[in-house]
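Biologist: I have a structure open and would like to learn how to read it. Could you take me through it, feature by feature?

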Amino acid sequence: MAGSEPSHRSLKGDLMDKKRTEKDESLFVSGHRACHGCGLALAVRHVLEATGSNVIVVSPTGCLETFSSPYGFSPWRVPWIHHVFENAPAIASGVAAALRAQGRDATRVVAIGGDGATFDIGFGSLSGMLERGDDVLYICTDNGAYMNTGGQRSGATPFCAATTTHPPGKASFGKSEKKKDLPEIVAAHGTPYVATATVAYLGDLKQKVKKAMTLHGPRYIQIDTPCPSVWNFPSHLTLEIGRLGVNSGLVPLFEMVDGKITKVKKLRTKLPVIEYLNKQKRYQHLVASDLSQETLQAIQDQADQNIAKYGLMA
Amino acid sequence: MTKIKVVEGSEAVAMAVKACRPQVVAAYPISPQTHIVEALARMAADGELKAEYVRVESEFSAASVVSGASAAGSRSYTASASQGLLLMTEVLYASAGMRLPFVITGVNRSISAPINIQVDHQDTISLRDSGVIQLYVESAQEAYDLHLAAFKIAEHPAIMLPVMVCMDGWVLTHSYEPVEFVEQEKVDNFLPPFKPENFLDVANPKSWGSYAEGDVLMEFKYAIHKAMSEGKAHIRCILAELAALTGRDYGGLVEAYRTDDADVVLVAMGSMAGTIKDAVDDLRREGKKVGLVRIRCYRPFPHEELSAALGRAKLVAVLDANVSIGSEGAVGLDIKSKLNGRPGAPMVVDFIAGLGGREVNAGAVRRIVERTERIFSSGVPISEAEWLDLNPAIVP
């Protein structure tokens with residue numbers, strides 16, 4: 001490489017699978033290094049279908065950055081920037097400020113970060129961005145743990161799930177705390193649009209992204225992105241796991257406009273949570289143990305509370 | 001017509017920044033940086049500063065906002081001090097690596113613990129390895145002048161690195177001095193609008209901040225290093241151009257003061273150089289051949305200029321307002337490493353001086369010269385830094 005070459009390169013001619021990608025109309029093309037059945041990669045592809053090409057994407061460190069940016073290659077057909085782990089919202093704020101200063105009003109800013117970057121280490125930065133009212137659509141691809149480093153606990157890890165830093169054992173049933181309710185916290189900043197979505201319902205996901213793109217100011221969409229590698233299920237079951245999460249009530253899908261729930265995805269039939277937990281090894285310790293009835297009931301209670309809170313039953 | 005006004009150092013900096021027409025300013029308050037960002041906020045409130053002024057929730061985000069704005073092609077500015085600069089550390093390394101040319105004022109202040117808000121250089125020195133160019137100033141006038149140059153240096157196509165103008169907290173930020181301002185038209189000619197070759201552009205989508213393995217990472221780091229060290233030639237030119245613009249020539253990457261025939265040369269950075277110059281004059285009147293080299297550009301390190309300025313001296317005494325705990329002061333270590341192995345190289349003694357705002361007055365400078373001469377005449381070379389004027393009553 002040339003000594004003065006900056007750390008970014010043209011996509012042209014640098015793609016990993018030229019023949020395949022040339023035919024690919026997507027803004028996030030194939031050839032990246034995500035795991036088989038990765039919910040996150042699927043989410044990104046469909047998010048960009050909904051945003052269109054007039055966007056600059058900002059990502060924190062995480063799975064997405066790692067699998068999409070080995071130097072010299074890139075699946076991104078929109079300008080994309082990764083800086084460090086905990087500052088994607090502030091980088092996005094800076095990009096948005098620059099676009100305003102330059103009068104590039106048609107170009108929009110979308111941040112796409114994982115739950116570790118969003119719920120935990122970048123939370124202060126996110127809160128600042130929301131409070132300032134910066135014109136950024138922030139998308140959290142939530143797989144409930146630090147997958148890039150092998151599946152450690154985050155503030156988004158659900159109750160009882162096994163993670164490498166909070167594993168089940170003789171004195172532990174996995175994560176002992178509930179998942180942080182980030183959509184509520186984001187909404188409490190006065191954020192005009194907050195929604196949850198899942199890769200299991202791509203039509204719903206894209207509709208929400210499109211709606212967010214019609215609005216200005218901070219917007220937040222949290223997408224449930226099942227992770228076959230760490231949730232530990234066969235990679236062809238990503239969408240099914242996602243659907244089970246929704247239909248058990250554990251992953252409520254809703255839209256909040258100006259802090260008020262305006263729309264929810266109703267459940268046709270309510271599934272018991274065990275059907276969702278059963279299919280993932282991260283909950284195996286509950287399913288396998290006789291002593292876990294009380295814990296299982298606590299998870300069922302959470303699902304029931306979600307169903308009641310958001311009015312999920314048809 | 002040029003205008004001279006008695007202003008606070010912080011106001012002088014804000015005037016220079018405004019004249020450079022930044023498009024994005026990010027600010028988070030910390031003493032003693034506050035008067036700079038407050039002055040810029042007033043200018044923005046009055047519509048004199050036409051920049052997006054982003055009031056962030058931390059220094060981490062201040063550095064991040066200017067990084068994002070710079071990547072998107074806007075001239076950007078922020079300022080901080082002390083703990084704030086340390087909080088920015090991770091961001092600054094990454095921004096240098098990604099070649100984002102914003103300007104930051106590093107208002108020098110001590111680092112905790114113990115907490116202390118007075119001046120020393122521990123904060124900015126702690127960032128010396130980050131890839132951020134560091135300039136140190138002696139006066140409010142020089143702070144004004146070098147901020148004009150800072151953007152031009154940062155944005156030079158062969159450099160493309162953040163530039164930090166380091167100025168002593170309180171002593172420079174809060175003192176009033178007559179400062180001569182350059183007319184806007186002349187500044188505009190000196191500093192044209194920022195037009196980077198690469199920026200986040202939907203018409204030409206590129207990926208920034210890639211993951212790089214060992215097969216290219218060293219070359220990336222070398223490219224940054226090369227941009228900085230070869231950038232010295234460009235910095236020299238820009239400083240000469242600035243001198244022509246302002247009519248004030250401080251002498252390039254270093255300022256040499258009465259060093260031509262000096263036996264003992266003191267080395268320092270920042271505002272303490274003013275006191276040292278007075279002390280040098282006093283000692284000269286007594287017949288002692290003493291001089292001062294003031295480092296203005298610390299990163300890249302100006303070893304060519306230093307070699308020339310220190311060449312004839314027998315003794316070099318470095319006043320380091322910082323310390324690498326467990327070793328010596330940073331400037332002393334740099335100078336020793338550059339003189340190492342040179343035939344006839346002077347003996348270098350490193351003094352840790354002025355931490356936490358402790359005054360380095362003319363008497364202290366005199367004691368430094370005497371101590372250095374004593375060490376030399378004892379014939380026993382010294383391997384540790386000398387901590388200046390420690391109070392024996394409270395030293396453990």
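Biologist: How many bridges join E2(A) to E9(B), and do they run parallel or antiparallel?

Modeller: As a general idea, strands of a sheet pair through backbone hydrogen bonds, either parallel or antiparallel. In this predicted model, E2(A) and E9(B) are joined by two bridges and run parallel. One position to look at is Ile81(A), whose bridge partner in E9(B) is Trp208(B).

Biologist: Which strand of chain A is joined to E2(A) by three bridges?

Modeller: That is strand E1 of chain A, residues 55-59, which runs parallel to E2(A), residues 80-82. There, Ser59(A) stands opposite His82(A).

Biologist: In what order do the strands of the open sheet come?

Modeller: Nine strands make it up, in the order E10(A)-E9(A)-E7(A)-E8(A)-E4(A)-E3(A)-E1(A)-E2(A)-E9(B), and the pairing is mixed.

Biologist: Let's turn to the contact between the chains. How many residues does it take from each?

Modeller: The size of an interface is often given as the accessible area lost when the parts come together. Here we can count residues instead: 47 from chain A and 46 from chain B. On the chain B side, strand E3 (52-55), helix H3 (59-71), helix H4 (82-97), E9 and helix H8 (214-246) each supply at least two residues. The largest share of that side, nine residues, comes from H3(B). Sorted by class, the side of chain B that touches chain A has 24 nonpolar, 13 polar and nine charged residues.

Biologist: What about chain A as a whole: how does its radius of gyration fit a compact globule?

Modeller: A compact globule with 314 residues would have a radius of gyration near 20 Å, and the 19 Å of chain A agrees with that. Its C-alpha trace spans about 65 × 40 × 35 Å along the principal axes. Chain A has 13 helices and 10 strands, and 53% of its 314 residues count as buried. If you take the contacts in chain A between residues at least 6 apart in sequence, 68% join residues at least 24 apart.

Biologist: Which residues of H12(B) are buried, and why do they line one face?

Modeller: The buried ones are Ala364(B), Val365(B), Ile368(B), Val369(B) and Thr372(B). Seen down the axis of H12(B), they fall within an arc of 145 degrees, so they line one face of the helix. They pack against strand E11 (264-268), helix H9 (272-285), and strands E12 (290-295), E14 (315-320) and E15 (347-352) of chain B. The face turned away carries the exposed residues Gly363(B), Arg374(B), Ser377(B) and Ser378(B). Just after H12(B), Gly379(B) takes a positive phi of about 75 degrees.

Methods:
Residues numbered from 1 in each chain as written. Chains lettered and ligands numbered in written order. Predicted model: local features only at pLDDT ≥ 70, side-chain atom pairs only at ≥ 80, totals over all residues. Buried ≥ 20, exposed ≤ 12 C-beta atoms within 10 Å, placed from the backbone. Helix = DSSP H or I, 4+ residues; strand = E, 2+ residues; numbered from the N terminus. Arc of directions from axis to C-beta. Contact = placed C-beta atoms within 7 Å. Pairing = 2+ DSSP bridges. Nonpolar A, V, L, I, M, F, W, Y, C, P; charged D, E, K, R; others polar. Rg over C-alpha atoms; globule rule 2.2 N^0.38 Å.
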